[in-house]
Amino acid sequence: MKHFATALFALAVAVQPAAGEERVIRMSTDNTDLVLQVSGNGRLYQTYLGPRLADNVTIPSEAWSVHAGSGNGVAGRGWEVYPGSGNESYFEPAVGITHSDGNPSTFLYYQSSTTRAVKGGTETVIELKDDQYPLYVTLHYVVYPEENIYKTWSEIRHEEKKPVQLSAYASTMLYFSQPSYYLTEFSGDWAHEVQMSTQRLQPGKKVLDTKLGSRAAMHMYPFFEVGLGQPVDEHAGTVLMGTIGWTGNYRFTFEVDNVGDLRVIPAINPYASLYELKAGEVFRTPEFIFTLSYEGTGQGSRNFHQWARRYQLKDGEGTRMTLLNNWEYTGFNFDEAKLVSVIEEAKKLGVDMFLLDDGWFGNKYPRSNDRAGLGDWTVTHDKLPGGIPALVSAAEKAGVKFGIWVEPEMVNPKSEMFEKHPDWAIHLPNRKTYYYRNQLVLDLSNPKVQDYVYGVLEGILKENPGVKYFKWDCNSPITNIYSPYLKDRQGQLYIDYVRGLYNVLDRLAENYPDVQMMLCSGGGARCDFEALKYFTEFWCSDNTDPIERLFIQWGFSQFMPAKAMCAHVTNWSRGTSVKFRTDVASMCKLGFDINLSGMNEQEFQYCQAAVANWKRLQSVIMDGAQYRLVSPYEGEHMAVNYVDEARSHAVLFAYDIYPRFQEKLMPVRLQGLDPSRMYKVEEINLMPGRKSSLAAHGKVFSGDYLMKIGLNVLSLSKTRSCVVELMAQ
Ligand code: DGJ
């Protein structure tokens, strides 16, 4: 009902011209307003982005002309929503176009706008057109009022006689005027994902980008936070949080101009991507998704989590399967008997699924290490004589589901596939080839290759309808960038690769909508919201050391709901207990990737109970609101709590890392509870035979007490964890 009312309001605003014939396009969430206005010159400017305004407010032109009107006497300079190259702005344009006659300038004029209701909110579509060329840009804004999220993208097309060249193609452009801006970025590497750091933005440009081709991330992750007027804080202050839905090269430009205003420009990275756009073809940019939070990053993250579960993640409101994977245990070294024994252990542990990892395919060149076999998707007969069907039936017999690893976009040169189709791999014709993990990336710009990649998955599913889950890996960035298929249109490769991938994923989603899938890219390098339309979850990192994971999970949780984040218990332990490792993984989508027979009886029993607890609490952890309470970046502890929608059930996770000698310990104050209700506090996930040492264990406290005074769950012990369940009475 609330959505519907807002939809009507937005419709009314969009069609109503304001005083002085200036058209006003107002896009409101419950908390925020984005206002665009058409100036007297016929062009479109951003006049407001901030806390929601009173409903009857219009922004008089003297208030917005400072930025959007005729500053310094030059008509049109200012906060143009989608500025073109070669116009009178001296700053970064949103779109760079060289027309078919060689003219490098574009001036876009407002034509029309419409608003309609869509699932969860409203979509406003604004048409712009160049006054001298048949060149059109359509701006799209989908507004989700309840989650306070904006999703925006653009479409560029033309009817010129010959193709035009696109050298820049932003998804959108946002402007801010604040005394200062502090950018928090997420950088890292393989096994060192999403490390957070903050810096003040100075005049000029700061660019975050990647050029990895087949994935968005590794050295830089496709999201950011900007503290407006102060550095970002978990619980206070205004923060812009944004992310781009693009599984390839992206670029975020933050430009502070001569008067101290900030432009934020999210885009596909135009690096080596001069795009030739034919008449009639539509260039659709990726979606840029953002929220403005006025209560720090914690609220901003909850906006994203709720939105992602409701509208973006594949099966975002469904349940997830706990699993046992064999990668960290067996690597490539297994046979049928070994896997059957692991399947039986999965059942004993109580998880929902066994996931067979890399190493099950290839005959002429068996995949017994990462140097051969990739591309030959027939089971290795010597290793697995009964093939996948025998394993699926062993899983069915044991009573667990069966999932399987694939890496269908890649090929080892040592494979039958490469021998047959060398021209299907991206590689340079006249240079020495270099490899990343001994493999090459297949050319998904080629429709034949798209068919082949789709066929890999379909082949497995047709032979084995019992396969319920894929782990889809992508270990190599694009190397040796050259497409034998695109020939003289190499500027399209980076972009068409990603579009080819989406074609394959669309077909799969259409024909096999119920198969759950984990997105994996040599750890957490594929972690964007466009890919996550097709995947139920993603692998955060190959680094499963629980202490590193506290940081990695903290980083990803800024944008990603716990439900999308796979966390497995492994032997990457740095001497930590099985309990500590399991408690860290239990904050996300729980799985195991470990030799269970290497555990002692107590540890195994502990894991069984932890799995049962996680399944019982799944709806709180996966679907509840997450509150980050104690940051690992600020000391030697970490704590997070989750609260279900009814605020009747909550789980608190608290960890001690390496506390200092006699450091001052503070109680952890929970968040999100109902202050007026009483909650029973119970420590769970205890080792068998151990009693809780928590003074509050078994007692009842008000939400008010728990949020203002808190619980003494932290200690001075090294690598210790405490999991507490809170149940309203
Ligand atoms: C990289 C992934 O991140 C690992 O989990 C594992 O699946 C290997 N690839 C297999 O080659």
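Me: What makes E15 and strand E20 a pair, and in which sense do they run?

Reply: Two strands pair if DSSP finds at least two bridges between them, and E15 and strand E20 (residues 287-293) have seven bridges in the antiparallel sense, so they count as paired. One of the bridge partners is serine 293 in E20, which belongs to valine 239. The strands themselves are DSSP runs (E, at least two residues), numbered from the N terminus.

This is a predicted model, in which local features need pLDDT of at least 70, side-chain atom pairs count only at pLDDT 80 or more, and totals for chains, interfaces and linings use all residues. Residues are numbered from 1 along each chain as its sequence is written, and side-chain values use heavy atoms, with hydrogens and water left out.

Me: Which strand do five bridges join to E15?

Reply: Strand E14 (residues 223-228) is joined to E15 by five bridges, and the two run antiparallel; phenylalanine 224 stands opposite glycine 242 in E15.

Me: Why is strand E15 called mostly covered?

Reply: Buried means under 20% relative accessible area, with exposed over 50% and partly exposed in between (1.4 Å probe, protein chains only), and seven of the seven residues of E15 (residues 239-245) are buried. Val239, Met241, Thr243 and Gly245 point one way, while Leu240, Gly242 and Ile244 point the other way. In a regular strand the side chains alternate between the two faces of the sheet.

Note on methods. Helices (H or I, at least four residues) and strands (E, at least two) are DSSP runs, numbered from the N terminus.
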